[in-house]
Amino acid sequence: MLKDMRATLGLLTRFPVDPAPVTPDSAWAFPLAGLAVGAAAALVLWSAAALGLPPGPAAGLALAVMVIVTGALHEDGLADAADGFWGGRDRDRRLEIMRDSRVGSYGVLALALSLLLRWSALAALAASGGAVAALIAAAVLSRAAMLWPMSVLPHARADGLSRLAGRPGRRTLMLAALLALGLALAAVGVAALLLAPLLWLTAVAAARIARAKIGGQTGDVLGATQQLCEIAALLALAALAG
């Protein structure tokens with residue numbers, strides 16, 4: 001278990017951990033990597049609020065922490081997927097665009113919308129006192145949701161981050177889902193029972209789009225899935241709090 005945790009932390013975050021090989025079976029620990037990211041952001045948001053910062057700046061600092069501790073891994077995936085899916089006319093061109101380090105207009109718009117939606121939801125939650133719990137729930141559930149396209153879609157490339165992580169089996173998928181649900185229940189209570197199906201549907205939609213556009217999944221697809229699910233979770237929690 002410790003080896004799997006080190007592997008997922010090394011893959012999904014920039015936390016200084018001893019390297020461990022990533023295997024398909026280690027993906028059950030994705031929610032624990034989310035817990036680490038969410039807890040770091042929640043601590044900063046709570047500290048900012050305790051120092052008297054308004055909800056807006058506090059939410060911005062929390063977002064900055066999530067970007068820093070993940071190395072913008074998921075944001076990069078969202079931008080690359082947006083550029084490739086809607087900037088290329090066929091599968092090969094889309095995959096070529098997704099591998100290009102340059103960011104196009106679709107990628108910029110996707111990043112801007114992601115940051116705007118997450119910031120506005122977090123600011124609203126911070127004003128109502130629910131942002132700390134929401135950060136943790138969204139972080140763990142969105143990373144568990146990444147396993148859906150990983151498990152149901154073939155690899156679109158013969159190399160890359162997704163190929164390195166492999167394709168988890170049903171047992172690993174269920175273990176990650178139950179772990180994420182338990183952590184989310186502890187954070188936000190029964191609201192987690194509403195978030196879980198919402199995020200599953202979001203992951204299913206992302207997987208279907210990826211299948212239609214490139215015939216499978218890549219690391220960028222997984223990053224985009226995490227971002228979409230995190231947005232959905234925070235918006236849903238903000239709506240419930242309002």
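A polar contact is a pair of N or O atoms within 3.5 Å; within protein, one atom must be able to donate a hydrogen and the other to accept it, and residues adjacent in sequence count only if both atoms are side-chain atoms. By this criterion, a polar atom of the Ser26 side chain lies 2.6 Å from the backbone oxygen of Thr23. The model is a predicted one, in which local features need pLDDT of at least 70 and side-chain atom pairs count only at pLDDT 80 or more, while totals for chains, interfaces and linings use all residues. Residues are numbered from 1 along each chain as its sequence is written, and side-chain values use heavy atoms, with hydrogens and water left out.

Ser26 is found in the loop between α1 (2-12) and α2 (30-50). Helices here are DSSP runs (H or I, at least four residues), numbered from the N terminus together with strands (E, at least two). Ser26 counts as buried because its relative accessibility is 0%; buried means under 20% relative accessible area, exposed over 50%, and partly exposed in between, with a 1.4 Å probe and protein chains only. Apart from neighbours within four places in sequence, Ser26 is in contact (heavy atoms within 4.5 Å) with Asp4, Ala7 and Thr8.

The loop between α3 and α4 holds Ala72. Although Ala72 is not a glycine, its phi is positive, at about 55 degrees. Ala72 counts as partly exposed because its relative accessibility is 24%.

Helix α6 (residues 105-128) includes Leu122. This helix has 24 residues and reaches 35 Å from its first C-alpha to its last, close to the 34 Å expected at 1.5 Å a residue. The expected span is 1.5 Å times one less than the number of residues in the helix. Buried positions in α6 are Gly107, Ala110, Ser114, Arg118, Ala121, Leu122, Ala123 and Leu125. The cover over these buried residues includes α3 (55-70), α4 (73-87), α7 (131-145) and α12.

Leu122 counts as buried because its relative accessibility is 0%. Leaving out residues up to four places away in sequence, Leu122 touches Ala59, Leu63, Ala131, Leu135 and Leu234. Leu122 and Leu201 are separated by 79 residues in sequence and by 22 Å in space, C-alpha to C-alpha.

Ser128 is also found in α6. With a relative accessibility of 45%, Ser128 counts as partly exposed. A polar atom of its side chain lies 3.0 Å from the backbone oxygen of Leu125. Gly129 follows α6 and has a positive phi, near 85 degrees.

Ser142 is found in helix α7. Ser142 is buried, as its relative accessible area is 0%. A polar atom of the Ser142 side chain lies 2.7 Å from the backbone oxygen of Ala138. Not counting residues up to four places away in sequence, Ser142 touches Leu199, Gln226, Cys229 and Glu230.

Two packed helices are described by the angle between their axes and the distance between the axes. Helix α11 (residues 191-214) and helix α12 (residues 219-241) pack at an angle of about 150 degrees, with axes 9 Å apart. Axes are lines fitted to C-alpha atoms, for helices over the stretch in contact, and angles run from 0 to 180 degrees between N-to-C directions. The crossing of α11 and α12 is right-handed, the near helix being turned clockwise from the far one by less than a right angle (anticlockwise for left-handed). From α11, residues including Leu194, Leu198, Leu199, Ala206 and Ile214 meet residues of α12, among them Val221, Thr225, Leu228, Cys229 and Leu240. The residues of this contact divide into 17 nonpolar, two polar and no charged. Ala, Val, Leu, Ile, Met, Phe, Trp, Tyr, Cys and Pro count as nonpolar, Asp, Glu, Lys and Arg as charged, and the others, Gly among them, as polar.

Helix α12 is mostly covered, with 17 of its 23 residues buried. The end C-alpha atoms of α12 are 33 Å apart, in agreement with the 33 Å that its 23 residues should span at 1.5 Å a residue.

Lys213 has its place in helix α11. Leaving aside neighbours within four places in sequence, Lys213 is in contact with Phe85, Trp86, Arg91 and Arg94. Lys213 and Gly169 are 44 residues apart in sequence and 24 Å apart in space, C-alpha to C-alpha.
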